[in-house]
Amino acid sequence: MKSTPLSLIAGVVALAAVTGFAAVSAPGDEGATQAKAAARLPVERSSLLCPAPSTSELAETTYTSFTPAGESPKAGTAELKAAEALPADDDTDAEDTDKDAKDKDAKDKKKGKAADTKPVVSLKDLGKPSTAETSKTGAPALIGTATDTFAPGWAAQQTTVAAAGAARGLLGVSCTAPDTDFWFPGASTGKARQDYVHLTNPDDTAAVADIELYGADGPLKSDVGEGITVPPRSSVPMLISTLTSEVAENVAVHVTTRSGRVGAVVSAAEEEVGSDWLAASADPTSTQVLPGIPADATSVRLVAFAPGEDDADVKVQLVGKSGTFSPAGNDTLHIKSQMTASVDLKDVTRGEPGSLRLTPVEGGGTPVVAALRVVRGTGAKREVAFIPATGPVGERATAADNRAKGSVLSLTAPGATAKVKVTASAGSEGGKAAVKTYTVKGGTTLEVTPDAPAGLKGNYALTVEPESGGQVYAARTLTVPEGGIDMFTVQTLPDDGGMVEVPEAEQDLSVLDD
């Protein structure tokens with residue numbers, strides 16, 4: 001039997017580090033490569049997509065890129081680049097000769113290559129964020145890639161302050177990995193809302209996406225939500241209210257791709273209340289956690305959806321500062337299949353921070369997706385944000401953009417008590433990292449104001465790492481006062497996916513002989 005080259009084994013490990021899965025067997029030798037317990041290895045490549053920011057002339061956007069400190073023998077890069085096509089020259093008409101056309105194509109390609117080599121944000125050091133700012137109207141979406149030492153745990157965030165106008169607010173979103181399936185409960189086609197689905201294609205071939213809308217009575221009729229082409233390395237915003245003639249205050253949006261992959265996120269602007277990004281809910285499952293409801297929330301609305309064929313009945317519980325309880329009059333929620341359900345929980349936190357937990361009633365188990373619309377303030381000083389259901393922190397998670405003031409971290413342990421390490425990184429322009437450990441009692445939410453790094457200059461990142469105990473769910477709230485309004489945004493912190501399982505073979509296949 002021929003030996004299996006060592007390069008093949010290395011290739012399998014590299015594939016697993018990029019995709020999260022790989023397997024290999026020696027030709028003609030069944031059973032020679034039974035998998036042992038999978039090894040945990042850092043990823044070698046990560047992709048992130050940031051949507052096009054606010055189009056307001058009064059908006060200022062900050063991009064922050066960060067990878068936690070680590071060890072890697074390979075140098076790497078982490079860059080966010082504009083997702084915009086280079087326009088063709090206007091001085092070429094239909095009479096161009098073949099030579100002229102070829103010259104023009106070569107010129108365009110050369111120009112495009114030159115434009116593509118200049119990143120908007122380039123990460124320089126591990127454990128220290130890099131930032132960039134823009135106030136440009138019509139700034140493009142960004143496409144990012146991190147390799148080798150910068151790939152494990154790479155995080156990027158886009159934060160926009162829109163000081164005035166119908167879309168005023170603090171709009172924050174964690175740049176997301178491309179995928180093929182997204183759920184957004186909490187959107188709207190209501191008259192007071194302007195919600196857009198932003199689709200960003202990171203690849204060199206076109207992607208084709210479908211957008212389905214579901215209201216309280218079921219699917220909303222749409223003739224234009226199917227077969228949406230997203231050109232290569234481009235972004236397409238779709239105004240949700242133009243996809244259907246039906247008006248619905250609470251809508252679940254489902255984005256899928258027929259071909260290719262996209263990044264998807266919803267921008268939501270509400271008249272006289274503000275605006276923010278609505279990130280995708282965690283994948284459908286029977287238990288969902290929505291962490292980080294501010295203590296001073298004046299209005300909290302839960303929107304949930306059951307995408308399967310069965311109805312769902314869930315317990316609604318607030319995991320608060322001192323324990324877990326069900327809101328009065330809203331201890332359960334019935335969610336009909338393919339119909340969007342909502343419930344107004346009002347000021348459910350009553351002056352204490354909390355997180356919402358949805359679990360199946362006895363005998364249930366239907367998967368659901370969910371999100372919260374959260375309002376702080378009253379009257380003309382109201383401001384809105386959204387909290388989607390999220391996965392646990394797992395091994396590690398990061399909020400990339402934090403300021404000297406205004407960052408609050410919410411840690412929830414719905415089960416057993418957990419011990420959590422929180423690292424405030426060095427600042428983007430200077431400062432020394434700070435580390436602190438917290439204990440989160442089982443069945444409670446702990447809200448902490450992290451200590452800023454000593455000598456902080458610029459922005460810093462917060463990294464959360466559970467050390468022992470039960471699962472932890474986390475969210476970071478950033479508040480920026482503007483014009484007498486406490487504008488805020490909430491980002492959940494699921495596992496950063498920096499490590500993947502790589503199966504180990506029982507034999508070293510590189511030394512097998514004939």
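Surface patches are made of residues with over 30% relative accessible area and no salt bridge, like charges being joined within 9 Å, and Asp and Glu count as negative. In this predicted model, where local features need pLDDT of at least 70 and side-chain atom pairs count only at pLDDT 80 or more, one such patch of negative charge brings together Glu 309, Asp 310, Asp 311 and Asp 313 on the surface. Residues are numbered from 1 along each chain as its sequence is written, and side-chain values use heavy atoms, with hydrogens and water left out. Asp 313 is found in strand S21, residues 312-319, strands being DSSP runs (E, at least two residues) numbered from the N terminus.

A salt bridge places a side-chain nitrogen of Lys or Arg within 4 Å of a carboxyl oxygen of Asp or Glu, and by this rule the count comes to 13. In one of them, Glu 383 is paired with Arg 168, with 2.8 Å between the closest N and O atoms. Because Glu 383 lies in strand S27 (residues 383-388) and Arg 168 in the loop between S8 and strand S9 (169-174), the pair ties together parts that are 215 residues apart in sequence. Glu 383 and Arg 168 are both buried, where buried means under 20% relative accessible area, exposed over 50% and partly exposed in between (1.4 Å probe, protein chains only). Asp 195 and Arg 193, also joined by a salt bridge at 2.7 Å, N to O, are both buried.

Val 43, in the loop between strand S1 (39-42) and strand S2 (45-50), is buried at 6% relative accessibility. The C-alpha atoms of Val 43 and Val 500 are separated by 6.4 Å, although these residues are 457 residues apart along the chain.

How values were computed. Patch = residues over 30% accessible without salt bridge, like charges linked within 9 Å, V, L, I, M, F, W, Y side chains within 5 Å. Areas by Shrake-Rupley, 256 points an atom, 1.4 Å probe, with all protein chains shown as cover. Charge placed at Lys NZ, Arg CZ, Asp CG, Glu CD. Helix = DSSP H or I, 4+ residues; strand = E, 2+ residues; numbered from the N terminus.
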